[in-house]
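Reader: Could we go through the salt bridges of this structure together? I would like to see it before we start.

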Amino acid sequence: MKQVKHRNSTSKVLGFCLAVMLAFSTSIFAQGDPVAGKALFNSNCAACHKLDKKMTGPALRGVVDRIDDKDWLYSWIRNSAKMVKSGDPYAVKIFAEYNNTAMTAFPQFSDADIDNILAYTSAPKPVSKVAVASIGSDSSDDGVSVDIVLGLLALILVVLAAMLFMVTKTLGNLAKQAGVEVEKTDPIWKRFVKNQFLVLVSVIAFMMFGAFHVFGFFMQVGVDQGYKPVQPIHFSHKIHAGDNGIDCKYCHSNARVSKTSGIPALNVCMNCHKTITEVAPETADADYSKDFYDKQIQKLYKATGWSESDQAYTGTPEPVKWVRVHNLPDFAYFNHSQHVTVGGVACQKCHGPVEEMEILEQHEPLTMGWCINCHRDTNVKTEGNEYYTKIHAELKKKYGVDQLTVAQMGGLECGKCHY
């Protein structure tokens with residue numbers, strides 16, 4: 001028993017010594033300021049490296065545990081190409097492993113700067129929080145359904161009618177038992193039919209009520225205001241156009257020069273998402289968790305055929321079946337470049353505050369009346385607009401105004417939109 005106890009004690013001592021040695025070897029490179037190191041890492045290294053994921057270069061968390069030569073790390077960070085050219089075995093191995101991609105040289109880094117970066121990479125990996133909520137395509141809306149409310153009202157009416165019938169029947173039985181003679185009258189529907197004035201008024205009211213609702217129904221055919229379909233890849237305009245301030249025309253570049261704004265090619269997304277492989281934790285909220293957003297980026301990689309591990313395209317992309325949100329009828333002509341480039345109309349004028357939308361929706365009705373009212377009320381931006389220099393001057397003189405509306409320039413002619 002004593003021998004076993006002695007061995008256990010020895011094991012504990014050896015384990016403690018090993019832990020101390022490991023901590024000491026790590027602390028040699030972690031003497032810097034991890035906060036300052038994070039700022040340097042994000043501004044200089046994050047384009048090619050992440051702490052826990054392989055990108056253009058290797059994952060850097062715990063790099064000081066893998067490479068225990070401080071001078072080697074200093075030399076590599078300041079000029080990796082020089083070390084590869086010198087034939088350093090490990091430098092040549094890393095260079096070949098990552099597709100012969102040369103690392104950017106940082107000769108301006110002082111020893112203190114490198115110590116700060118290494119201190120940041122030596123920080124322990126944080127424990128991920130459990131996602132608060134994840135919204136999918138099968139999520140249901142909050143609140144009470146209109147059908148439920150109408151059903152409850154109908155049930156209440158049925159109960160009231162039944163109670164009224166029972167009360168009437170009970171009163172009749174009581175009167176009969178008391179020997180009171182109750183005068184018989186025609187049913188209420190017979191009395192109503194005999195009154196021609198009430199019948200005429202009711203018929204007219206019913207016809208007007210029906211015509212109003214029939215007209216309203218047909219006027220809404222093809223009007224999809226508020227339509228916001230679930231897309232195969234969730235794209236948050238709130239994050240991209242709102243939080244990050246990306247200009248609409250960076251993704252929808254066709255809007256400047258073409259009739260249609262176009263659906264951005266996924267390669268446009270990959271301009272940023274080759275290096276942005278996950279969202280920042282503060283982006284998540286109670287409705288959309290970090291895990292939910294990260295999965296959408298993975299869907300993008302799958303669609304483009306991008307391999308994170310190899311940092312290269314596999315050549316096997318998968319098409320994305322986007323659901324169209326805005327869809328004008330074929331007989332209505334609309335040109336984005338005419339409005340965006342020539343007219344200087346902001347995207348929000350027709351599409352609403354897109355920068356605030358988590359899920360894109362059709363903000364305006366896009367009906368003929370809505371377009372005509374806009375043409376009547378909107379002044380044309382004539383300053384610096386050489387496209388209409390001559391006609392602007394002539395129409396201002398003709399109408400005797402300083403500001404021209406679109407309508408005064410022929411914006412109400414049928415052939416402008418229907419030809």
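Reader: How far apart are K295 and D291 in helix α14?
Author: K295 and D291 are 4 residues apart in helix α14, so about one helical turn separates them. Helices here are DSSP runs of H or I with at least four residues, and strands are runs of E with at least two, numbered from the N terminus. This is a predicted model, in which local features need pLDDT of at least 70 and side-chain atom pairs count only at pLDDT 80 or more, while totals for chains, interfaces and linings use all residues. Residues are numbered from 1 along each chain as its sequence is written, and side-chain values use heavy atoms, with hydrogens and water left out.

Reader: What do the side chains of K295 and D291 form?
Author: They meet in a salt bridge, at 3.3 Å from N to O. The term means a side-chain nitrogen of Lys or Arg within 4 Å of a carboxyl oxygen of Asp or Glu.

Reader: Which residues are joined into one network?
Author: E278, K290 and D294 are joined by salt bridges that share partners.

Reader: Changing topic, which residue does D111 pair with?
Author: D111 forms a salt bridge with R78, their closest N and O atoms being 2.5 Å apart. D111 lies in helix α7 and R78 in helix α4, so the pair ties together parts 33 residues apart in sequence.
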